[in-house]
Amino acid sequence: MLENLKQELTDQINNANSLDELQQVKVKALGKKGSITLLTKNMKDKSIEEKKILGQAVHSLKEYIEIILKQKELFLIDMKIKDDIKKDKIDIFLPGVEFHQGSLHPLTITRNEIEEFFISLGFEVARGNEIESDEYNFEKMNIPKDHPARDMQDTFYFSEEELLRTHTSPMQARIMERNAPDKPIRVIVPGKTFRRDEDDLTHSHQFMQVEGLVIDKNISLADLKGTLELFARKMFGPNTQIRFRPSYFPFTEPSVEVDVTCHICKGKGCSVCKHTGWIEILGAGQVHPNVIKNCGYDPEVYQGFAFGMGIERIAMIKYGVDDVRLFYQNNLNFLKQFDKLK
Amino acid sequence: MNVSYKLLNKYVELNNIDPYELGDILTNAGLEVESVRPLAQGSDLVIGYVEESYPHPNSDHLTVCITNVKSETLQICCGAPNVGQGQYVIVAKPGCKLDYAKVPVIKKVMLGGVESNGMICSLTEIGIPTKYQTKEQMDGIEVLEGDFQIGDEALTTLGYDDYILDLSLTPNRSDIYSIYALAIEVAGLLNTKLKDVNMSVVNDNKSKYKVNIEHKDCLSYGLFEFNDLVSQDSSFKTKNILFALGFKPRFNIVDDGNLAMVISGNPVHTFDADKLKSDTFSIRKGIEKDDFIALDDNKYHIMKDDLVIMNGDEIVAIAGVIGSKSSCIDENTKNIVVESAVFSHVSIRNTARRLDLFSEASTRYSKIVNKYTTEFPIALLEEYLGKKHDGSIEVNYENYQPLAVKVSHQKIEKVLGMKIAFEECVDILKRLSFKVEVLDNELIAYPPSYRKDIELDVDLIEEIIRVHGYNDLPSTLPLQEIIYNPLTDMQLLIKNTKNILSNSGLNEIITYQLSNKDKLDYFSTNKVYKELINPLNNERMLYRDNLLANMLETIDFNKSYQIKDQCLFEISNVFIDNEEKTYLSIGLMGNYINGNWHNQVLTSDFYVLKSIIFDYLAKLGFYYGRLLIEEVEIDHSFIHPTKSAYICMNKQRIGIFGAIHPRIASDYKLKNVYVAQIDLSYLAKQKGRVNKYEGISLIPNIYRDLSLVVPNDIKANTILKTVKQSNSKLINEINIFDIYHGNELEEDTYSMAISVEIGDGKKTLNEDEINDVVNNILKDLNKKLNITLRG
């Protein structure tokens, strides 16, 4: 009789197709009036011996039914989850929320990259005013009035003595004066600069420069080369080479122009590098003894290098921008192309 | 500056280095050669002779020329008006390539039924720019004057086989405006010899003229007389050198003067002796004359600061710049007086700049002219004119004392950071015509008189490394004591601001610092600007005192590209209250979040802007409480007075934000533009709250929603403050989740729904405690603000 009940319940469990049906079977078997519960209740009339035998049999039946009920329940839950997943399918090809994509200006991105490199080499970053005095912009930089080099830098004046800085170099003097006569210096100065040029493809009356200055007792031209070589590799890739060409700036002596191998053709020659394989990126040199002296150091003891680069020029090379005016027009279709971190 | 390769070769041994290679060598030594090109171009050009010519039967402008080129006789149809029988001409035979001709490869063709076998060339067709040509040369073929061998290669025979090196010179090397100084340089670079040249003249100081130097800006003044000259066209060779140098040939006296100047670097000016009214010359300043007629037929205004040359009481030249019409030479001149002088370059440059007259002479005089070689151009003139001068007077100053510059071997290596043999250093300087004395490990160098740029030891070091070359300069890194200088507060603020705002969906812009009054006035508070005395144009003459003018201009610009949704910011300096400050500006137009199938559009408005600003300030550690907002004046000039607010900190207004004033919006035809401007210079000086752990509560908070009826004049901040103060210990947060204005409400009221977060943090509150909190809120709101619970 127990065998029949076992078989009957097993069949019902096997046939249950939903958790609801399974629950009904469970109640029928193990509920207050369930068939197995009733078996236990009916045992009170039996002898002790019979109770013992029957009790054991009912207990093992109950255990057995509970196990297969649990198994079936787990199976049905799993089935239901799988079923629900299928019903809950979304169209992953619909667009998401259109958050407005912000971006840094390409000149900021380039400037950050330059700053990060020099900070990693232990350089201080300094900021200076855009409105400067003739004394700091020119005189202290070894460009006295009537010096022919003043023709190189057409200047916006507010008065005889006050002007828009034509380079970030006036900060060289201010920083040297702050540290004179014997503290070593290692600084970059990024900032806006101005020249009285008509705007065209390659000229902008407002542009950004990064000035670099290292002063100590033994800072050599070779140190300049090593520093700029690392810089060029950081900005334009690990295989970039640099080359020095002699040049002239009133505030450095010797003065050099620095070229990097063209990153487009890798030095083979292309239209970007005018088929030379090289692209000019900055001017540099050993700080002129007159500048060192003007700013309170002894040029017989202290020497060092300085460089100045145009951020627009670096950004134009890096991103392939062919018109400097684009940086200042702020067309959103242009700016949004620079939404990456690099 | 254009340099003739052939002329250079006259003064220095070039050892068969071709012009292109020479260009590279000069560039690598710091004398940048921008281009190298042949003076003339054309393959297989020969000298031909027109034996017979007659009009073309079917054309009114062509001439048929039977032209002998030795190997054959060619029938050529020529369109030039000046072609004719008995002329020597330059002939391009069929197959000849001419880069500058209309037809680059010459072929046998039929012209109007007549066969034409080649072309008779004009100067333009062989590549000589028209600006150097006479009108006849421009309009026709080049007719060769003189006797020639028919069939000879034309370019070599005529001296067109030259190359032009175009040098771009740095200001320190103005000496190179002399071919001879360039020759010195080339000799040093190539390690070859300078050729012998006569640089001096016999100066007996016998002259009928007297010279009085009356101003110190004239350093030296010499006059050299040449009599009984014959004005004539210069020779072919001279003309071709002038072409290469970029000069237009005129006639021998002018052309020879130009050559003397270009070779020596010293300009000369030539007067017609027969046009001079006096024997006395004086060089002075202090004269004003507004109708000086110069030899270019223009009228110039001479000012008191201009150095002038007087002959008697007549101004015959503005010194170093231009001579007078009345004393200038012409094709009939026979007797000349040549001035070879040295003036202060500053004085000449100022005059030349004021008059905008930068000729070959004034350009040279504006640099520092080599004051020790005033005789050199006269020696050259004697050579070219083919005769000695007839009389001279020179008022001079001290003799040439070469400057001695010392440098030690150790200093050379210390500055360069490399090993270089001392012998090589000495050798390089000697090759550049320096006289060098060696004392142990130190050298004393005496630069040639041309090299006025050499004054210090580092100047010598530059010469050495420049000629040695930079290729084997090692790469090292500076060894220094570690100096720690972190970013300043201002630098950090700028960096953080850019990162926060770009991550909030804003695009950074960078606009010009210079603007114009009309645009700036819109957004200026006191309309006092820093003004340029030499602006480039009216658009850019003031340094801005606000960023909003450019912000609006940028929004307007992008709108013209049909970009409707704009979220922009800029950080830049402005000049305000007499100092340079750093400001932040924000501009919003259109949607902040676009709507689509999934979510509703979020259009930029006052509240979007408010969130952007206050989220940004919160990230910097500045929270509401320390920051306050204030209503703006009802007559505010640039911001919408009822949709805007000041941002205040420590009782100071540090910024403003809101809709732009409807008047400006209407001027720009822009709608719903919201802007902000914040003073970062002030903010950088403030310390914001920093991250600090304050413990977290494990007890869940309770939320109670209240729907209130509020009198219209009660603002949100008052309600929030009152609610909070009713039980500041247990009330954590208040969220306004609905605002409703409707007719069914009592008059002059609106409805506000708030959700209040209540919690103790330490224990769970029971129902009575929570009800107490709510009842207190309602009691306070009613008592203090006449706010009731909505029924």
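Modeller: Let us begin with the backbone just after helix 12 of chain B, where B:Ser433 takes a positive phi of about 70°. Please bear in mind that this is a predicted model.

Biologist: Which residues of helix 12 of chain B are buried?

Modeller: Burial here means under 20% relative accessible area. In helix 12, which spans residues 422–431 of chain B, the buried residues are B:Phe422, B:Cys425, B:Val426, B:Ile428, B:Leu429 and B:Arg431.

Biologist: Turning to chain A, how many helices and strands does it have?

Modeller: Chain A has 12 helices and 10 strands. Its radius of gyration is 41 Å, well over the 20 Å that the globule rule gives for 342 residues, so chain A is more spread out than a compact globule. Along the principal axes, the C-alpha atoms of chain A fill a box of roughly 130 × 45 × 45 Å.

Biologist: What does the domain assignment of chain A give?

Modeller: It gives domain 1 (2–87) and domain 2 (106–338). The centres of these domains of chain A, taken over C-alpha atoms, are separated by 87 Å.

Biologist: What percentage of the residues in chain A is buried?

Modeller: Buried residues account for 53% of the 342 in chain A. As for the surface, chain A exposes about 16600 Å², with 52% supplied by carbon and sulfur atoms.

Key
Residues are numbered from 1 along each chain as its sequence is written. Chains are lettered from A and ligands numbered from 1 in the order in which they are written. This is a predicted model: local features need pLDDT of at least 70, side-chain atom pairs count only at pLDDT 80 or more; totals for chains, interfaces and linings use all residues. Side-chain values use heavy atoms; hydrogens and water are left out. Helices (H or I, at least four residues) and strands (E, at least two) are DSSP runs, numbered from the N terminus. The radius of gyration is taken over C-alpha atoms; the globule rule is 2.2 Å times the number of residues to the power 0.38. Buried means under 20% relative accessible area, exposed over 50%, partly exposed in between (1.4 Å probe, protein chains only). Accessible areas come from the Shrake-Rupley method with a 1.4 Å probe; for residues, only the protein chains shown count as cover. Domain bounds come from an automatic or database domain assignment.
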